[in-house]
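I opened this notebook to record what I looked up, entry by entry. I wanted to begin with the core and then go on to the sheet and the ligand.

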Amino acid sequence: MKDSPKPWKPHCCSSESKVSFSFSRCRPSRSEFSKNVAPCPSFRRLSFSDLSRSSSMRINEDIAQAFGPDLIDFKLSELRAMTQNFSSGFLLGEGGFGKVHKGYVDECMRTGLKAQPVAVKLLDIEGLQGHREWLAEVIFLGQLKHPNLVKLIGYCCEEEDRLLVYEFMARGSLENHLFKRISVCLPWGIRIKIAIGAAKGLAFLHGAETPVIYRDFKTSNILLDSEFNAKLSDFGLATMGPEGSNTHVTTRVMGTYGYAAPEYVNTGHLTTKSDIYSFGVVLLELLTGRRAMDKNRPKREQNLVDWAKPYLTSSRRIRAVIDPRLGGQYSVRGAKEMALLALYCVSPNPKDRPKMPSIIEVLESVKHFKDMAITCGQWPPASQKTSRNAVYSPKDAKEINGGRIYWKQTPVKTVRSRG
Ligand SMILES: Nc1ncnc2c1ncn2[C@@H]1O[C@H](COP(=O)(O)OP(=O)(O)OP(=O)(O)O)[C@@H](O)[C@H]1O
Ligand SMILES: [Mg+2]
């Protein structure tokens, strides 16, 4: 069983506009997604509704027509051969939607397809929701190409089987590096590199002609190549952002506890600012080495944002919550800038959250700081008890010069009980 937070899904049968959610995935009967055949659309910009109710044969034809040789239509038998029949020895991991196996493409498999390792995701779909997420992944990743988005090489849709074939990411997920006990501690510079790479991926999505809202930004969806370049994966929950004068799209509430923005959870109103909130949560995970939601901790420490907020406004307080595994090998100035950035990103009011280009600018500056805490005499940390009195107000966050973040220090308030 995986110990990472699982995505929470709404009842699949509810309408897109209804805000309802439960922890369990709804599984309507298998036939539900294949009984209606949609008319064959001729398009380049493939849309979701075009394909969500097609038969598997029709879907393959439509995808092939839309993407041509850019996406390979694999046969299930080919994928079996590539993964030694999905053997456990080739298992890379397992998420809420099924298992991911390593596979090998050999050069004579298809003309134009080079020999390479790949990751094959076998979706454990038993209903419309799983099929929709598979389709969303094909539609988004088939069209969006960027060095910080994982490359979709191909897909397989045979009867009720749905598979996806990605470029293989040699270092797996950021989640594994940050939280698995056996992993070696990620150095500070690598953490910044990963944050910048993931930010560039998100900036690309938000900067599209019609912005794409990723909706599932979290450490398990940030994959790393052999040089720790970060790439976003899992577009199953991605959706098109608002167009024209609309300020938001209203959707069913889906995402992962601890990462989802509060206004989205409460109202279903989704904007790119919901992704910025999740980005802030991941920054906090990189800083503290703690999970967004950790049920194994005391109650007041379980939600990372709630726990960390009071510590984020000064270097002295940050020292108390920075990942102890770094052993003081982090930039004091860099940590302060990153903490303020994270605080700004998780502002309760979406309007107070920065945009991705500003975030990238701050992170790019952080990577140059060399004032390591251990050499500045700022390590080991102060005790957490003396650091909890800070008061945070999102109004104090200001964005100036289009990018830099400036923070007004709030005086520490002491609450005294009447005696
Ligand atoms: N392209 C890839 N290259 C290498 N490893 C991968 C690749 N894609 C996925 N993995 C591995 O498989 C694991 C499972 O991925 P998956 O996206 O199915 O689930 P998850 O992200 O952990 O959870 P969730 O279902 O909440 O998204 C990842 O954590 C990663 O270790
Ligand atoms: Mg994932």
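**Core.** I first looked for the largest nonpolar core and found that it has 104 residues, with L283 and A342 having the most contacts inside it. By a nonpolar core I mean a set of buried Ala, Val, Leu, Ile, Met, Phe, Trp, Tyr and Cys residues joined through C-beta atoms within 7 Å. A residue is buried if 20 or more other C-beta atoms lie within 10 Å of its own, exposed if 12 or fewer, and partly exposed in between, with C-beta atoms placed from the backbone. Helix α11 (residues 332-345) gives the most to this core, with 10 residues, and the core draws at least three residues from each of domain 1 (20-167) and domain 2 (174-403). I note that the domain bounds come from an automatic or database domain assignment.

**Basis.** I kept in mind that this is a predicted model, in which local features need pLDDT of at least 70 and side-chain atom pairs count only at pLDDT 80 or more, while totals for chains, interfaces and linings use all residues. Residues are numbered from 1 along each chain as its sequence is written, and chains are lettered from A and ligands numbered from 1 in the order in which they are written.

**A342.** Which residues does A342 touch? Not counting residues up to four places away in sequence, I listed G280, L283, L284, L287 and L312, where contact requires C-beta atoms, placed from the backbone, within 7 Å.

**Sheet.** I then traced an open sheet of 6 strands in the order β2-β6-β7-β5-β4-β3, with mixed pairing. Helices (H or I, at least four residues) and strands (E, at least two) are DSSP runs numbered from the N terminus, and two strands pair if DSSP finds at least two bridges between them. The edge strands are β2 (72-73) and β3, each of which pairs on one side only. β2 and β6 pair in the parallel sense over 2 bridges, and I72 has G154 in β6 as its bridge partner.

**β5 and β7.** Strand β5 (residues 116-123) has 6 of its 8 residues buried, and β7 has 5 of its 7 residues buried. With strand β4 (residues 98-105), β5 pairs in the antiparallel sense over 8 bridges, and K121 in β5 is the bridge partner of V100. Between β5 and strand β7 (residues 161-167), which run antiparallel, I found 5 bridges; V120 stands opposite V165, and V118 stands opposite E167. Strand β6 (residues 152-158) is joined to β7 by 6 antiparallel bridges, and these two strands form a hairpin with 2 residues between them, where E159 in the turn has a positive phi of about 45°.

**Ligand 1.** I counted 25 residues around it, the closest being G93, G95, G96, A119 and S220, with a residue taken as near if its C-beta atom, placed from the backbone, lies within 6 Å. The elements giving two or more residues to this shell are β3 (91-95), β5 and α5 (174-179), and β3 gives the most, with 4 residues.

Key: Two residues are in contact if their C-beta atoms, placed from the backbone, lie within 7 Å.
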